Amino acid sequence: MAEVMELNYTVSNEDFTRAGEASSDVKKKLKQLGVSPEAIRKVAIALYEGEINMIIHAYGGQIKVTISEEMITLVLADRGPGIADIEKAMQAGYSTAPDKVRSLGFGAGMGLPNMKKNSDTMDIKTELGVGTTVTMTINL
Amino acid sequence: MKVYELGNMDDFELLSISKDTDITGVFCCDLLSIAMGKAPAGSAWVTVMANVNTLAVASLTDVACIILAEDVTFDNSLIEKAKEEGIAVFKTKKPIFDAALLINNSL
Ligand SMILES: Nc1ncnc2c1ncn2[C@@H]1O[C@H](COP(=O)(O)OP(=O)(O)OP(=O)(O)O)[C@@H](O)[C@H]1O
Ligand SMILES: [Mg+2]
């Protein structure tokens with residue numbers, strides 16, 4: 001599998017004004033590479049939701065995007081509080097978002113379901129008090 | 001209807017930059033992750049949620065424009081950022097449903 005490109009981003013803590021920067025940048029690069037609009041939309045949605053979750057629920061983190069001929073792999077790693085019950089967290093409508101971010105329009109509890117729906121594979125590794133790593137792949 | 005034509009309608013005021021892209025539908029929602037998952041590309045997105053995250057969602061979903069309804073207040077930096085990113089933003093005094101209906105009837 002020929003690796004075409006690897007992109008790395010640091011997502012800073014509580015920085016809502018910059019939230020979505022990694023997703024926008026990846027979207028631009030995928031457009032330049034001639035990736036299909038459908039695949040770009042999936043990546044943009046999945047990555048944005050993951051990015052926002054890292055800011056709201058953790059303390060920021062690292063994003064690694066790998067683009068190959070066959071697929072795009074998104075790895076989002078944070079050192080946040082971890083997720084106690086992944087099954088519950090994956091349910092549409094489940095959210096622990098605080099009021100302060102709900103007033104910004106977050107907290108529908110649709111982020112993780114959106115990520116699941118827009119990726120071909122999704123894996124969550126999490127440990128309470130240590131952090132969470134979400135890995136998603138989108139086939140090209 | 002083209003995005004710039006919305007600016008010619010009495011109830012809508014252009015705040016950022018105009019565009020000649022087509023509006024192909026109307027979408028209403030204030031919760032960002034629902035909008036993220038459901039807003040159709042090319043639609044006019046009517047919302048009262050007026051912050052930078054609205055812009056991020058609009059740009060990632062490729063909606064045609066944002067319409068801030070109910071005469072909501074917002075920061076001028078929002079408009080500056082919209083201009084920078086080339087996102088068409090309008091405002092209206094109309095409630096969400098009325099604004100959406102007006103646009104839908106003009107498509
Ligand atoms: N990176 C993370 N670290 C810790 N907890 C997380 C993380 N991502 C998600 N969660 C937990 O899973 C829940 C559901 O996440 P999801 O993204 O679906 O909804 P939300 O972020 O609360 O709201 P929305 O995404 O709709 O704005 C969150 O409320 C939070 O409790
Ligand atoms: Mg979320």
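This is a predicted model: local features need pLDDT of at least 70, side-chain atom pairs count only at pLDDT 80 or more; totals for chains, interfaces and linings use all residues.
1. Ligand 1 and its surroundings. The shell around ligand 1 counts 21 residues, and those that come nearest are A:Ser95, A:Thr96, A:Gly107, A:Gly109 and B:Ser33. Both chains A and B contribute residues around the ligand, so the site is shared between chains.

2. Make-up of the shell. Sorted by class, the residues around ligand 1 are nine nonpolar, ten polar and two charged. Two helices of chain A, α2 (37-56) and α5 (111-118), each provide at least two residues of this shell. The element that gives the most is α5(A), with three residues.

3. Polar contacts to backbone atoms. A polar backbone atom of A:Gly109 is 2.7 Å from an oxygen atom of the ligand. For A:Met110, a backbone N or O atom lies 2.8 Å from a ligand oxygen. For A:Leu112, the distance from a backbone N or O atom to an oxygen of ligand 1 is 2.9 Å. On its own, ligand 1 has 600 Å² of accessible area, and the protein covers 95% of that.

4. The β2/β3 hairpin of chain A. Strand β2 (residues 61-68) is mostly covered, with six of its eight residues buried. Its partner is strand β3 (residues 71-78) of chain A, and the two pair in the antiparallel sense over seven bridges. Two residues stand between β2(A) and β3(A), and the strands form a hairpin. Within this pairing, A:Lys64 is opposite A:Val75 of β3(A). When inspecting the side chains here, recall that in a regular strand they alternate between the two faces of the sheet.

5. Salt bridges: the total. How many salt bridges does the structure hold over all chains? There are six. Three of them are described below, with the exposure of each partner.

6. A:Lys29 with A:Asp25. The closest N and O atoms of this salt bridge are 2.8 Å apart. Both residues belong to helix α1 (residues 21-32) of chain A, where they are four residues apart, about one turn of the helix. A:Lys29 has a relative accessible area of 26% and is thus partly exposed. A:Asp25, at 23%, is partly exposed as well.

7. A:Asp123 with A:Lys125. Their side chains meet in a salt bridge with an N to O distance of 3.0 Å. Are the two partners buried, partly exposed or exposed? A:Asp123 has 33% relative accessibility and counts as partly exposed. A:Lys125 has 53% and counts as exposed, because the cut-off for that class is over 50%.

8. B:Lys81 with B:Glu85. This salt bridge is in chain B, with an N to O distance of 3.4 Å between the side chains. Helix α4 (residues 76-85) of chain B holds both partners, four residues apart, about one turn of the helix. B:Lys81 is partly exposed at 23% relative accessibility. B:Glu85 has a relative accessible area of 38% and is also partly exposed.

Notes: Residues are numbered from 1 along each chain as its sequence is written. Chains are lettered from A and ligands numbered from 1 in the order in which they are written. Side-chain values use heavy atoms; hydrogens and water are left out. A salt bridge is a side-chain nitrogen of Lys or Arg within 4 Å of a carboxyl oxygen of Asp or Glu. Buried means under 20% relative accessible area, exposed over 50%, partly exposed in between (1.4 Å probe, protein chains only). A residue is near a molecule or strand if one of its heavy atoms lies within 4 Å of it. A polar contact is a pair of N or O atoms within 3.5 Å; within protein, one must be able to donate a hydrogen and the other to accept it, and residues adjacent in sequence count only if both atoms are side-chain atoms. Accessible areas come from the Shrake-Rupley method with a 1.4 Å probe; for residues, only the protein chains shown count as cover. Ala, Val, Leu, Ile, Met, Phe, Trp, Tyr, Cys and Pro count as nonpolar, Asp, Glu, Lys and Arg as charged, and the others, Gly among them, as polar. Two strands pair if DSSP finds at least two bridges between them.
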